[in-house]
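Visitor: Please take a close look at one chain of this model and tell me how it is built. I would also like to hear how it relates to its partner.

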Number of protein chains: 2
Amino acid sequence: MKRILVTGATGLIGRHCVPALLMRGYEVHGLVPPQESVAPGAEVVWHAGDLFDAAAVGQLVDDVRPSHLLHLAWITTPGLFWNSPENLRWVEASLALVRAFHAAGGRRVVMTGSCAEYDWDHGCCREGVTPLRPATLYGRAKHALHTLVEGLAGQAGMSAAWGRVFFLYGPQAHPARMPGCVIRALLAGEIAACTEGNQIRDFLHASDVGHALAALVDSAVEGPVNIASGEPVRLAEMVRMVAEIIGRPELVRLGALKTPAGEPPILVADVRRLKEEVGWTPRFDLKSGLTDTVSRWAKNSLRCAS
Amino acid sequence: MKRILVTGATGLIGRHCVPALLMRGYEVHGLVPPQESVAPGAEVVWHAGDLFDAAAVGQLVDDVRPSHLLHLAWITTPGLFWNSPENLRWVEASLALVRAFHAAGGRRVVMTGSCAEYDWDHGCCREGVTPLRPATLYGRAKHALHTLVEGLAGQAGMSAAWGRVFFLYGPQAHPARMPGCVIRALLAGEIAACTEGNQIRDFLHASDVGHALAALVDSAVEGPVNIASGEPVRLAEMVRMVAEIIGRPELVRLGALKTPAGEPPILVADVRRLKEEVGWTPRFDLKSGLTDTVSRWAKNSLRCAS
């Protein structure tokens with residue numbers, strides 16, 4: 001019996017994890033904030049709950065008695081989340097959650113970390129090799145939480161994995177982030193002012209991120225696993241792809257904006273663990289993923305405009 | 001106005017910090033668990049409070065509005081504390097406390113870490129140089145908390161220091177630990193069965209640990225600072241000193257017990273930060289500290305026996 005509790009189940013990643021977990025035969029219990037409404041569906045058992053209310057979380061976990069836990073919820077407000085003191089509150093909530101899960105007999109926990117845990121002076125990030133030196137409070141919080149969950153799991157005989165998510169994109173990704181900002185501008189017929197875009201990054205479609213995490217949950221792999229494509233791309237190249245898909249290359253202004261200070265030139269993932277140990281490969285390459293993103297984005301815009 | 005809130009104020013270290021802080025001109029507010037009784041004194045304002053009740057802690061901090069925070073309370077049950085899941089609960093409580101302190105306008109926070117944060121494959125531990133690779137849940141918890149408090153302080157413009165305590169001894173130290181176990185046996189006229197005692201460690205009298213932490217609070221030094229003597233001693237040598245002070249060397253059996261597996265041969269502290277930056281040196285050397293410990297221990301035993 002595989003019964004999983006998923007926090008942040010309606011979020012950017014969670015909405016893709018849930019169907020992927022159902023396909024893998026899990027009984028899925030989704031936790032959503034009290035103020036959020038979800039479409040009732042026969043397949044998922046939805047629970048409204050406040051992760052900052054440790055007593056209520058303890059009660060819920062005790063009622064559901066999940067064998068698996070996938071904890072995705074976190075502060076994600078663009079700009080703010082990097083250095084908000086709220087990150088500490090999320091560590092507290094996450095620790096209370098994993099303690100409750102363990103106390104209720106939970107067997108395997110997967111949580112999400114970030115490429116922000118690595119020392120960005122090293123361009124290529126490999127689990128267990130690249131030093132961890134988070135430059136932000138968000139990165140510190142994820143690193144600290146990982147240290148503690150791994151330590152608890154080791155002591156308690158629980159299985160634990162830690163998915164380090166790199167850069168993601170998709171129809172529901174925030175329009176202030178790359179490549180959403182470019183897609184939005186070009187679809188509106190506006191100039192897309194960009195930096196030179198020389199930075200090299202690893203992007204993965206949000207749907208693939210969700211499926212990769214579901215595969216990680218369903219595996220026996222423990223410890224940190226990079227959740228990324230393993231296909232480095234220069235930002236300028238991604239912008240050009242978007243412009244080609246939309247058919248408005250003349251609106252792109254590479255170099256119109258100054259590259260922010262402190263941006264590492266290369267920040268990419270070694271994905272050997274994900275590929276060889278978890279046995280997972282992405283469904284989308286960057287071209288097809290961006291095409292999917294643009295077409296859904298255009299549909300959503302039409303729907304909003306009508 | 002220097003007003004400090006001290007948690008664990010009646011503990012092994014806290015009881016020595018409080019008078020040292022009073023001498024330095026602090027208005028001292030001591031927090032003790034609800035079930036614990038303290039001798040009322042005009043000099044210290046005592047508060048009974050449960051650190052696991054975040055709402056009550058928030059209220060207390062808001063009422064006291066301390067400029068300084070010295071957080072010493074933690075699980076210390078011998079044997080148990082190394083790997084108890086309670087360590088995670090202490091991280092949660094400590095984060096809630098420091099967030100409340102910051103929200104109430106707190107200016108400087110000092111917390112205590114441990115030599116258990118360092119990678120013990122490196123015998124000599126130096127702040128910012130020796131890698132951190134805690135082998136226990138306790139060490140992970142302290143390391144994670146430090147990462148988060150340092151990150152919060154950096155973002156919030158708060159001053160923060162982190163005292164890494166090594167090995168301590170003293171009249172009130174637990175009799176199951178070195179050198180208490182030897183002192184107890186020899187004072188009772190019993191055989192003291194010991195390991196070979198080839199391990200080299202750094203011991204500091206609990207009173208000196210308290211005074212060092214008070215000096216750290218009262219300085220502007222930030223980041224991790226080893227709280228130790230800087231005088232490595234072989235355990236066998238310490239046992240011989242104790243036997244000489246008590247006058248019963250014939251009762252000591254070095255080598256009667258097997259040295260536990262995994263004990264690092266050398267685990268000592270580099271104390272340059274404490275000495276040169278904080279400007280603090282110990283009052284006791286090992287000989288005088290052990291003499292003090294034995295004489296008070298003997299007095300306490302007499303008092304108990306009468």
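Guide: In this predicted model, the radius of gyration of chain A is 19 Å, which agrees with the value near 19 Å that a compact globule of 306 residues would have. The globule rule behind that comparison is 2.2 Å times the number of residues to the power 0.38. Along its principal axes, the C-alpha trace of chain A spans about 60 × 45 × 35 Å.

Within those dimensions, chain A holds 9 helices and 15 strands. Of the contacts in chain A between residues at least 6 apart in sequence, 77% join residues at least 24 apart. Buried residues account for 54% of the 306 in chain A, where buried means under 20% relative accessible area.

Now the partner. Chain B is superposed on chain A by a rotation of 180° with 0.0 Å of shift along the axis, at an RMSD of 0.0 Å. This is the relation of a two-fold axis. The interface fits that description: 100% of the interface residues of chain B are also interface residues in chain A, so the copies meet through the same surface.

Notes:
Residues are numbered from 1 along each chain as its sequence is written. Chains are lettered from A and ligands numbered from 1 in the order in which they are written. This is a predicted model: local features need pLDDT of at least 70, side-chain atom pairs count only at pLDDT 80 or more; totals for chains, interfaces and linings use all residues. Side-chain values use heavy atoms; hydrogens and water are left out. Helices (H or I, at least four residues) and strands (E, at least two) are DSSP runs, numbered from the N terminus. Buried means under 20% relative accessible area, exposed over 50%, partly exposed in between (1.4 Å probe, protein chains only). Contact means heavy atoms within 4.5 Å. Copies are superposed by least squares on the C-alpha atoms of residues with pLDDT of at least 70 in both.
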